Amino acid sequence: MLRTVSSILCAPRSVLHALCSSSLPYSTSPRGNQPGGTSHGEAMPHYKLVYFNLRGRGEPIRWVLVAAHQPFDDVRYNRETEWPFKKPEIPYGKVPILYVDEKPLSQSVAICRYLGRTHGLAVEDPWEAAKGDEVADSVHDLLPHAAQIVYAKHANDVEKAKMLATEFYTSTLPPVMRELDRRLEGREWFCGDKMTWVDVYAACYLSQLSTHHESSMEAVPRLKSVVDRVLKLPQIEKWIKERPDTPM
């Protein structure tokens, strides 16, 4: 199914809920130097994001696009009824995938990095950029652990889900959060004095993780500040309020 962002945001909540897949697998003003352009002053490309009707690995890409004020087609496949037929057409047979003027780009971190560089949400300094990549990859490494909790819950294995959640929120997540907080000492954002795609990417995932364990942010005030400032961006607030209502 294909929906443009504008059409999704105008759809009734009941309709959005009906679009959700039954299984759980793993417009604003454009930015740029000219209306509709990129940070390089070029014509704005056409973006089409393909993923499932979930937040998951597609959501940080949506956040970066929204943060950069870039309209995009939000294509959400039903995993059971549509994905088996679409999978052979997709590079690597995996989503998310972003089509940029019909040219495909895979891997969520690579996609967010590309969008950041294209739309002024990146830094020029190679070291700062590499440290930003490190942050994004460190957050990305948390996903398989968090996903195991979700799978156990949806398998109705309550005891396993509880055990995995306890391990994740007491052993896996805290050292990462502490290190990310330390990286922010003496700076406003992960890559210096400007918000980049890295901040948006980290805020997207960490805000979702912390909703299931609110105390996880209490000991990391600098990190919490970054997450809160991203969440308070008007375009991100609007997206969260009006995005499709999905279970994860």
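Student: What makes the crossing of α6 and α9 left-handed?

Tutor: In this predicted model, the crossing of α6 and α9 is left-handed, because a crossing receives that name if the near helix is turned anticlockwise from the far one by less than a right angle.

Student: Why is α6 called roughly parallel to α9?

Tutor: Helix α6 covers residues 126-140 and helix α9 covers residues 197-211; they pack at an angle of about 15°, and their axes are 9 Å apart. Angles under 35 degrees count as roughly parallel, and α6 is therefore roughly parallel to α9.

Student: Which residues make the contact of α6 with α9?

Tutor: From α6 come Gly132, Asp133, Val135, Ala136, Val139 and His140, and from α9 come Trp197, Val198, Tyr201, Ala202 and Tyr205. Of the residues in this contact, eight are nonpolar, two are polar and one is charged.

Student: How do you know that the pair of phenylalanine 168 and tyrosine 169 is edge-to-face?

Tutor: The structure holds seven aromatic pairs. In the pair of phenylalanine 168 and tyrosine 169, the ring centres are 5.0 Å apart and the planes stand at 85°. Rings pair if their centres lie within 6.5 Å, and planes over 60 degrees apart count as edge-to-face; the pair is therefore edge-to-face.

Student: Are phenylalanine 168 and tyrosine 169 buried or exposed?

Tutor: Buried means under 20% relative accessible area. Phenylalanine 168 has 1% relative accessibility and therefore counts as buried. Tyrosine 169, at 12%, counts as buried by the cut-off of 20%.

Student: What links Tyr51, Phe52, Tyr77 and Trp83 into a cluster?

Tutor: Ring pairs link these residues, Tyr51, Phe52, Tyr77 and Trp83, into a cluster.

Student: Why is aspartate 141 called exposed?

Tutor: Aspartate 141 is placed in the loop between α6 and α7. Its relative accessible area is 51%, and exposed means over 50%, so aspartate 141 is exposed. The C-alpha atoms of aspartate 141 and valine 176 are separated by 9.8 Å, while the two residues are 35 residues apart along the chain.

Student: How do you know whether serine 216 is buried or exposed?

Tutor: Serine 216 lies in the loop between α9 and α10. Its relative accessibility is 14%; the cut-off for buried is under 20%, and serine 216 therefore counts as buried. With neighbours within four places in sequence left aside, serine 216 is in contact with Leu173, Met177 and Ser210.

Student: What kind of peptide bond joins valine 95 and proline 96?

Tutor: Valine 95 and proline 96 are joined by a cis peptide bond, with omega at about 15°. Proline 96 is in the loop between α4 and β4.

Student: What value does phi of glutamine 107 take, and why is glutamine 107 called exposed?

Tutor: Phi of glutamine 107 is near 75°, which is a positive value in a residue other than glycine. The residue glutamine 107 belongs to the loop between β5 and α5. Its relative accessibility is 53%; since exposed means over 50%, glutamine 107 counts as exposed.

Student: How do you know that asparagine 156 counts as exposed?

Tutor: Asparagine 156 has 67% relative accessibility. The cut-off for exposed is over 50%, and asparagine 156 therefore counts as exposed. Asparagine 156 is found in the loop between α7 and α8. Phi of asparagine 156 is near 60°, a positive value in a residue that is not glycine.

Definitions and conventions. Residues numbered from 1 in each chain as written. Predicted model: local features only at pLDDT ≥ 70, side-chain atom pairs only at ≥ 80, totals over all residues. Heavy atoms only, no water. Axes fitted to C-alpha atoms, helices over the stretch in contact; angles between N-to-C directions. Helix = DSSP H or I, 4+ residues; strand = E, 2+ residues; numbered from the N terminus. Parallel < 35°, antiparallel > 145°, perpendicular 65-115°, else oblique. Contact = heavy atoms within 4.5 Å. Nonpolar A, V, L, I, M, F, W, Y, C, P; charged D, E, K, R; others polar. Phe/Tyr/Trp six-rings, centres within 6.5 Å; stacked < 30°, edge-to-face > 60°. Buried < 20%, exposed > 50% of the residue type's maximum accessible area, 1.4 Å probe, protein only.
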